[in-house]
Amino acid sequence: MRQRALKGDVVKQKVVYYALMGRGTSRKIEQINTISTAYYKKARDLATQSEDEALGLWVQIELANYYYRFNLLEKCLPYLMNASFKIDDIRYDDQIIPEESYRSLGFFFCTIGEYKDAIHYLKEAAFLARDPSELKTSILDNLALCHLHEKDTTVALAYLNDAKTMALQIDAKARLARVNGMLAMVNLGKGELDSALHYVDQDVMLSEESGDKTNQQYAEIINAKVLMAKGDMHAAEFLLDKLGEELKSNPSRTDFLIEVEQLRLKIAEHKRDSEMELAIRRNLGMLKDSTIYGEDAQVIQRARVLAAKERYLNEASITNLKVQQGRFARNMYIVVLVLGIGILIIAYIDFRRKMFARYHRYEKKVLAYRLEKTLLDQKLEQAHKTLADYLRFLTDKNRQIESLQREIVRINKSTLAEIEEKNGKLKQVLQSHILTEDGWQNFNMTFDEAYPNYYNQLKKWIPELTENNIRFIMLQKLGLTAAETANVLGISLEAIK
């Protein structure tokens, strides 16, 4: 039915065409690129013009998948959150490939650690997916993964067995290999090492047969863990040495190499080989310094916070909307008998809708300022943290603070003033811009590299200086104005003067 509707509308056909071109070019180029981004923008703009909610939902999920494929969680977050608000309100028959849309949402929420939401969307996807199929198998093993994270091993094993049966039916060796790998990890966690070894052997063999080198390497890491648990340190060390040599030539799998080195470190500690332990620790330090190791976890953590916030707003919106719809439906029956009461109820609902709209606008402003601050902090974390980086950071921070101060003044003169007075969330964001003690320590280290002993000499020459006095002097030396210094220190301009 959905295909017939698309055939009769040229604009909607163009939406699908541009979105599929975006998907195809991104997979061919294998990275974020201007061509794919331009295609997706055309698809999004046309979908908005078409006012087709189901088509707009599909484009949003396609855009989210584009960024998700390359681990840009902060970019895919708004699209997937918007999709999650809408998808349950659109009938399956009206959606475009709904099983893939629900699966995408399930995968995303699983990635950010929201496992209950992930399970909800994956169950919807499993209900809609063709049986048996590669899609259904992938949904089942991800349902198992979510239940494992929720410590529900019994349900997880049931899903894994279903996924294994289906993978055997359709001869999906790569998927079967992953299922065996998960079964190996489950049995390793339960201490059933012989079973774990059996499953991991199957994982390695099937990965080799399907040509899935990445999964094979991950399976060999699991194999090493099982061997170490069995006490066969020699075999584990041989396997890890061999795997480490392979991974050194593959910079895209530095995460695997770090895990291999961490396992080798445990073996060195077990052997009490201090020379080997020192060499491994040095190598691990260089690997972590030369990669973005750890930043993915930070991004996921930030995304989880934003997702929780957005989900809260969504749940509140849905609850209010259902209450309003229920009241409106009941009152429409009453209005036939009591016109006056009906008019009062409609007026009340309209008032509540306006209040909700104002509250939603306010929350969007708060979220935008929080996101802007988070991205600025992340930008500093990714920089080399030179004094020039800090100067740019402090300049951008001042720009954000001034913008936020102006926004607070505007809101206090608008209909949103009561909401800000009650919640004070914009003031909280403003307060969060003040550098923490950890932030000052990092800044001091960088400042000391540029101006050695400057801090100590100040303390020596003028011992009565407070920490705030010294911070003021250091910021002035960087060239910040009095107003900018006041913003960073979180004090008034009069106090600076």
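## Ground rules

The model is predicted, so local features need pLDDT of at least 70 and side-chain atom pairs count only at pLDDT 80 or more, while totals for chains, interfaces and linings use all residues. Residues are numbered from 1 along each chain as its sequence is written, and side-chain values use heavy atoms, with hydrogens and water left out.

## The whole chain

The chain has 25 helices and 0 strands. Both are DSSP runs, numbered from the N terminus: helices are H or I with at least four residues, and strands are E with at least two.

Of the 497 residues, 43% count as buried. Buried means under 20% relative accessible area, exposed means over 50%, and partly exposed lies in between (1.4 Å probe, protein chains only). Contacts also tell us about the fold. A contact means heavy atoms within 4.5 Å. Among contacts with a separation of 6 or more, 62% come from residues 24 or more positions apart.

## Nonpolar cores

In soluble globular proteins, nonpolar side chains tend to be buried together. Here, a nonpolar core is a set of buried Ala, Val, Leu, Ile, Met, Phe, Trp, Tyr and Cys residues joined through side-chain atoms within 4.5 Å. Which residues have the most contacts inside the largest core? They are Phe-108, Phe-109 and Ile-139, in a core of 56 residues.

Take Phe-108. Leaving aside neighbours within four places in sequence, Phe-108 is in contact with Tyr-68, Cys-76, Leu-77, Leu-80 and Met-81.

Two packed helices are described by the angle between their axes and the distance between the axes. Axes are lines fitted to C-alpha atoms, for helices over the stretch in contact, and angles run from 0 to 180 degrees between N-to-C directions.

Helix α3 covers residues 34–50, and helix α4 covers residues 53–69. Their axes come within 9 Å and cross at roughly 160°. That makes α3 roughly antiparallel to α4. The cut-offs are these: under 35 degrees is roughly parallel, over 145 roughly antiparallel, 65 to 115 roughly perpendicular, and the rest oblique. α3 passes α4 in a left-handed crossing. Left-handed means that the near helix is turned anticlockwise from the far one by less than a right angle; clockwise is right-handed.

On the α3 side, the contact includes Tyr-40, Ala-43 and Ala-47. On the α4 side, it includes Val-59, Leu-63 and Tyr-66. The contact residues divide into 8 nonpolar, 4 polar and 2 charged. In this count, Ala, Val, Leu, Ile, Met, Phe, Trp, Tyr, Cys and Pro are nonpolar, Asp, Glu, Lys and Arg are charged, and the others, Gly among them, are polar.

## Helix α12 and its partners

Helix α12 (residues 213–229) packs with helix α14 (residues 254–271) at an angle of about 15°, with axes 11 Å apart. That makes α12 roughly parallel to α14. The crossing is left-handed. Residues of α12 such as Tyr-218, Ile-221 and Met-228 take part, and α14 brings residues including Phe-256, Val-260 and Leu-263. By class, this contact has 8 nonpolar, 2 polar and 3 charged residues.

Helix α10 (residues 173–190) also meets α12. Their axes come within 10 Å and cross at roughly 20°. That makes α10 roughly parallel to α12. This crossing is left-handed as well. Among the contact residues are Ala-184, Met-185 and Leu-188 of α10, and Ile-222 and Val-226 of α12. The classes are 7 nonpolar, 2 polar and 2 charged.

A cis peptide bond joins Asp-131 and Pro-132, with omega about 0°. Pro-132 is found in the loop between α7 (115–128) and α8 (134–149).

Asp-171 is not a glycine, yet its phi is positive, at about 55°. Asp-171 sits in the loop between α9 and α10. Is Asp-171 buried or exposed? Asp-171 is exposed, with a relative accessible area of 54%. Asn-453 also has a positive phi, near 65°. The place of Asn-453 is the loop between α21 (437–450) and α22 (454–461). Asn-453 is partly exposed, at 42% relative accessible area.
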